[in-house]
Amino acid sequence: MNGIEVSTRPKYGTRKYKKDYDAIVNEKLITGEIQNTPKIVSVSIDYITPDSIIGNKSTSFKNEDYSTTNFNPKLMIYESINERKYSFDNLLNLINNSYNSNVKLVLHFSWPYLRGLDHFLEAIENRDNIGILHLGKRFCLEKNANFERPPLDIIHLSLEGYFWDLYYSKDTSIDFKVLSPTINRNDKGLFITDIINCDWSFDSRIKEIRERVSNEKLNRVEKNTVMFPPIIDSFLLPSETKKRCLKNGSWMTIPINETFETKTIENSYSIGIFNGLCSDIEKCKDIAYEFQNLFTTVNISKKTLFQSYLVEKMNEFYRITQSKNDNISQATICVANLHPYLLTFSSFAESINYLVNSTKIASKLKHFPKLTHKENETYIELKTADGEYCSLTIFKNGVLQKKNIREISKEVCKKDPNIEFNYFIDENNLQITIKKKSFVEYLELEKKQGIVNKNLFKGSIIYEAIIRSDGSFEENKFNNILFERKSNYFLISTEIDHRTEREYFKNKHEIRIFYGSLLQMQDLDKELIKNSELLIPGPIPFNTITDQEIVISQGYDALLLPFRKIVFFAYPGANLAQLLKQLDLYNGLISDHPTSVSTKDLLFSLKHTNKSKRFTLPSKPRLDASEEKKLLNDTPLDTTIRQEIMDDFGNETNEVEYIKTLKDIWGTIGQNNTFKPQKRFYADQSNKEQLELLVEYETGEIENISFPIGTLIRKSCGNEYILATIDELMEGDLIYYVQSEERESIENYLLRTLLSEDEFSIEEILEPRTSLGIFYNVLNSVDFTQEAQIQMKKIDWLNFEQKTILFEILSQLLIIRSDPDERLFKMIQNSIWNEVEPKKLIEIFEKGNKKVTKAKLFELIEEMGFKSYKESSFKALCSSSINDQKHYSFHEDKNLLALGKLLGHQQIIDNYQTINEKGTMIAIFLRQIGRSLKRVAGGNCEPFNEIDIAIGDRLKKGVVRQIMQN
């Protein structure tokens with residue numbers, strides 16, 4: 001923080017004070033009296049607290065600078081800490097530092113259910129100098145009458161701010177509905193019990209798997225996959241649900257039903273049943289196929305229901321009252337990924353993209369109807385199936401011409417049997433709707449349980465009009481639809497042409513789709529949540545899987561976030577029964593009468609609330625003691641819901657067996673509180689070759705340490721602390737790293753703890769830059785007389801076959817230079833560069849000398865969509881070191897996609913937008929780390945700087961005495 005800017009517009013105070021304010025402040029600044037004046041300084045914190053928050057600061061007022069002020073606050077308020085990056089471990093150190101500095105501290109969190117909160121509060125609750133208030137859901141319900149809403153003109157001064165009514169809402173219930181495929185019954189009135197008790201085909205197969213699997217030799221992840229199939233509670237097909245696995249000796253990313261070893265499949269009956277289940281879901285109705293007139297079955301999956309839901313959202317745009325000056329109307333959907341450690345992000349994006357493109361194809365009528373009004377007559381013009389134009393009257397002298405309407409319907413439907421023409425007459429007004437047909441019958445259960453409604457999705461609207469008897473009309477027709485992958489959400493943009501008898505204009509509408517785990521929903525902006533619908537593809541699973549582990553699920557509190565509506569998707573039978581039982585637990589939390597869930601939630605608040613002078617606490621309820629099912633990083637609600645599931649569920653035989661299985665899983669892995677979820681992308685660093693170093697520390701101690709090849713680590717270089725890969729180090733280098741639970745680089749430790757980055761390491765964020773350098777250096781110096789795999793070893797993101805083909809192509813183009821033949825063309829088609837026209841590829845590499853040059857790579861990457869870069873800039877990217885770079889993003893994210901294609905780097909291709917976004921953020925972060933390291937290494941830690949706090953006691957530095965590769 002470089003300086004303090006004095007506010008120029010006081011909102012409060014007497015009229016005379018406001019009038020004389022400028023003169024008073026100016027005099028105090030000139031005389032220095034401002035030093036003794038009480039001040040409130042507001043500091044905006046997007047990621048972490050800025051450097052140098054205390055000390056001498058320049059002061060500005062009305063764009064004029066004054067003498068420095070010694071800013072030494074006695075009270076610091078950290079508001080809504082959880083809405084930015086934070087670490088509970090850092091906050092403990094911050095509390096200690098503020099106490100030692102005689103500075104009072106207020107830590108405010110805008111959400112009562114945070115991961116690891118229980119552990120944090122237990123660490124501070126017995127300290128006499130700390131007061132704690134925990135306002136959980138039940139606490140707020142019972143004390144709501146005691147919380148007086150501030151007047152509107154000062155409500156922004158409260159910590160709740162304008163979200164007061166969200167925190168202390170009078171409507172405490174969760175607004176939800178459940179969508180489900182229909183069951184084979186023709187009853188007009190279906191009850192929930194009918195749906196729960198139906199014989200759904202998935203249930204019997206899952207039951208048989210669970211009975212058989214205990215006698216089969218499967219590893220625990222395989223066993224968990226078939227017993228609790230992730231494909232059941234997903235909006236994706238099995239072929240789109242991918243998992244990284246070790247198969248037949250090699251790591252690969254493949255569909256979940258292909259992850260089993262060949263020998264295991266042959267000897268496992270349960271895997272056969274699981275694959276049959278996958279096959280059935282794969283064959284279910286696909287609306288995107290149907291829109292392209294491709295064959296699809298009538299069976300309904302959750303993907304089918306999600307597609308129909310999304311198309312209905314698009315249909316709603318045709319029903320919005322249009323105005324020429326309207327802003328872009330926007331709908332926001334948050335989609336919960338219940339199995340976040342499987343690789344589904346790109347598949348989910350591609351699934352929506354395919355639906356959007358299919359909708360675009362389906363919506364392109366060659367000739368839309370066109371309304372016209374002249375004198376006392378309103379008529380429709382359209383082109384017939386014979387290619388001739390006709391004009392048919394709708395209203396004449398205020399009288400509806402019904403015969404002509406039927407004739408129009410016939411003509412429209414003649415062109416395409418999959419087009420549906422509907423009309424509706426209301427009080428002599430006519431409404432016309434034209435749709436691309438697709439029929440999906442489904443069940444809908446609203447919040448108030450009782451009779452289940454049968455609904456019918458009929459397709460995508462492409463034209464809608466209202467014609468009134470007085471001759472006025474409104475006509476909306478499809479113009480265009482696009483899909484885009486933004487950095488942290490997906491965007492569907494539609495353009496609709498709007499006509500009336502007086503004007504014509506286009507309106508744009510957008511659907512933003514956020515896709516993430518339930519835990520990630522906590523990080524969304526409150527305003528966004530308030531205006532969004534949350535879609536959840538089933539009951540929250542008790543457990544899920546990573547590449548090599550079983551993980552206990554967390555994030556149950558997401559359902560309490562103030563979403564506008566929550567929409568669940570469930571299959572009839574056991575899937576719906578499990579979902580409704582979970583919803584009963586949430587209803588118990590907000591019940592008028594105490595329940596086990598509400599009691600546990602209230603007890604948590606009372607346990608961690610002390611020294612309240614503002615209001616009396618509710619009386620402490622009684623609860624029978626039982627063992628808590630708690631993980632180290634649980635939210636308070638995670639522990640409560642999980643315990644209820646395991647203690648109270650299971651009255652029927654199959655439910656008893658289900659709960660017994662869950663208890664076995666908990667007994668095996670649930671109490672391993674040190675479990676760290678695996679990263680969702682990229683190969684584990686632990687699988688990489690290790691480099692061993694002999695390091696001498698300041699104390700004279702000598703130790704062997706190791707890091708994976710490619711790890712970025714800080715080393716001293718003059719007065720700077722630069723990043724270098726571990727394999728670039730030399731004997732005599734002074735290196736710095738962090739020793740916490742494990743040994744890791746400073747950057748990765750801070751990314752994981754301070755920035756809560758659980759997807760990418762620093763190496764992975766900078767992977768595009770480092771990989772490009774490796775790629776160029778290897779190809780530029782390759783010796784084609786040597787063995788391909790040895791020469792291409794450092795390009796470790798390519799598999800054996802990709803390296804071999806690339807080596808052979810370059811060998812033929814650069815060395816042999818024979819006439820292109822069918823074999824070469826086939827190799828190019830099977831190579832990482834298969835998107836480039838073979839003749840163009842041959843032309844690029846046959847130019848000039850017999851080497852891969854930067855100029856050739858630049859020409860090649862331009863063919864893949866790389867733009868906004870000059871050739872000289874690209875050449876610099878190929879050879880400059882990480883420390884020479886000021887930016888780690890690539891202007892437009894499509895440039896990073898092109899780079900991924902050039903390198904054949906599938907992980908970059910799959911996640912280019914996310915990596916580019918993180919590259920934008922990382923440049924500032926790296927500079928902050930460099931400044932912090934200089935302070936900490938020099939013994940000058942700032943007590944309120946979060947990076948200094950994080951690395952202060954954990955920093956290790958030593959001189960490399962010997963380098964030994966494992």
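**Close-up 1. Lining of the second largest cavity in the predicted model**. Met-314, Asn-315, Phe-317, Tyr-318, Thr-359, Ser-460, Ile-461, Phe-478, Ile-481, Thr-494 and Ile-496 form the lining of the second largest cavity. Two or more of these lining residues come from each of helix 12 (302-316), strand 17 (451-467), strand 18 (473-485) and strand 19 (490-500). By class, its lining has 7 nonpolar and 4 polar residues, with no charged residue.

**Close-up 2. The largest cavity of the predicted model**. A search of the whole structure finds 6 cavities of 30 Å³ or more, and the largest cavity has a volume of about 110 Å³. Its lining is made up of 16 residues. Those that lie nearest the centre of the largest cavity are Asp-233, Ser-234, Phe-235, Asn-337 and Tyr-515. The lining of the largest cavity divides into 10 nonpolar, 5 polar and 1 charged residues.

**Close-up 3. Contact of helix 2 with helix 3**. Helix 2 spans residues 88-100 and helix 3 spans residues 117-124. The axes of helix 2 and helix 3 come within 10 Å and cross at roughly 20 degrees. Because of this angle, helix 2 is roughly parallel to helix 3. The crossing in which helix 2 passes helix 3 is right-handed. Helix 2 contributes Phe-88, Leu-91, Leu-92 and Ile-95 to the contact, and helix 3 contributes Leu-117, Phe-120, Ala-123 and Ile-124. The residues of this contact comprise 8 nonpolar, no polar and no charged.

**Close-up 4. Packing of helix 23 and helix 29**. Helix 23 (residues 767-781) packs with helix 29 (residues 871-879) at an angle of about 90 degrees. The axes of helix 23 and helix 29 are 7 Å apart. With angles of 65 to 115 degrees counted as roughly perpendicular, helix 23 and helix 29 are therefore roughly perpendicular to each other. On the side of helix 23, the contact is made by Arg-769, Leu-772, Gly-773 and Tyr-776. These residues meet Phe-874, Leu-877 and Cys-878 in helix 29. The contact of helix 23 with helix 29 contains 5 nonpolar residues, 1 polar residue and 1 charged residue.

**Close-up 5. Crossing of helix 25 and helix 26**. The two elements shown are helix 25 (residues 800-816) and helix 26 (residues 822-829). The axes of helix 25 and helix 26 come within 10 Å and cross at roughly 140 degrees. Angles count as roughly antiparallel over 145 degrees; helix 25 and helix 26 are therefore oblique to each other. The crossing of helix 25 and helix 26 is left-handed. Ile-805, Glu-808, Ile-809, Gln-812 and Leu-813 of helix 25 meet Arg-823, Leu-824, Met-827 and Ile-828 of helix 26. The residues of the contact of helix 25 with helix 26 divide into 6 nonpolar, 1 polar and 2 charged.

How values were computed
Residues numbered from 1 in each chain as written. Predicted model: local features only at pLDDT ≥ 70, side-chain atom pairs only at ≥ 80, totals over all residues. Heavy atoms only, no water. Axes fitted to C-alpha atoms, helices over the stretch in contact; angles between N-to-C directions. Helix = DSSP H or I, 4+ residues; strand = E, 2+ residues; numbered from the N terminus. Parallel < 35°, antiparallel > 145°, perpendicular 65-115°, else oblique. Left-handed = near helix turned anticlockwise from the far one by under 90°. Contact = heavy atoms within 4.5 Å. Nonpolar A, V, L, I, M, F, W, Y, C, P; charged D, E, K, R; others polar. 1 Å grid on protein atoms, 1.4 Å probe; cavity = no way out; pocket = protein on both sides within 12 Å on 5 of 7 lines; lining within 4 Å. Points joined across faces, edges and corners; volume = space filled by probe spheres on them.
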